[in-house]
Amino acid sequence: QVQLVESGGGLVQPGGSLPLSCAASGFTFSNYVLSWYRQTPGKERELVASISSAGGSSNYADSVKGRFTISRDNAKNLVYLQMNSLKPEDTAVYYCHARHERFSLRYWGQGTQVNVSS
């Protein structure tokens, strides 16, 4: 059974930091590009950051460049999103996403809420 389980969400003050984790199971993790998306009510889900299957390359939305860092541990089937210098506009549900690097296989996690507020 394929599972992506996010953890680490919560309430943080503006300027603070919050690490998110996503634990994967049920598929060959190292064959998948891993991404973090986020969504707020009434808006489309947006891509925040992606990391290649081997972890050698990553890309970020302009809105989070220089503040967020995506990483992965293929030995532990984990992907991380370190969020620093958080802003109120970063408030959203954050989702973990896996996409096979060659085939049309995609999986989503259930999401974790991040609230940035004083």
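Begin by selecting strand S4 (residues 32–39) together with strand S9: the two pair in the antiparallel sense over 8 bridges. Strands here are DSSP runs of E, at least two residues long, numbered from the N terminus, and two strands pair if DSSP finds at least two bridges between them. The model is predicted, so local features need pLDDT of at least 70 and side-chain atom pairs count only at pLDDT 80 or more, whereas totals for chains, interfaces and linings use all residues. Residues are numbered from 1 along each chain as its sequence is written, and side-chain values use heavy atoms, with hydrogens and water left out.

Within this pair, select Leu-34, which stands opposite Ala-98 in S9.

Next, select the whole of S9, residues 92–100. Of its 9 residues, 7 are buried, that is, under 20% relative accessible area, where exposed is over 50% and partly exposed lies in between (1.4 Å probe, protein chains only).

Then move to strand S10 (residues 106–108), an antiparallel partner of S9 over 3 bridges. Arg-99 stands opposite Arg-106 in S10, and a hairpin of 5 residues joins S9 to S10.

Finally, select His-100, which lies in S9. Is His-100 buried or exposed? His-100 is buried, because its relative accessible area is 9%. Its side chain reaches the backbone nitrogen of Arg-102 at 2.9 Å. Leaving aside neighbours within four places in sequence, His-100 is in contact (heavy atoms within 4.5 Å) with Asn-31, Tyr-32 and Leu-105.

Technical notes: Helices (H or I, at least four residues) and strands (E, at least two) are DSSP runs, numbered from the N terminus. A polar contact is a pair of N or O atoms within 3.5 Å; within protein, one must be able to donate a hydrogen and the other to accept it, and residues adjacent in sequence count only if both atoms are side-chain atoms.
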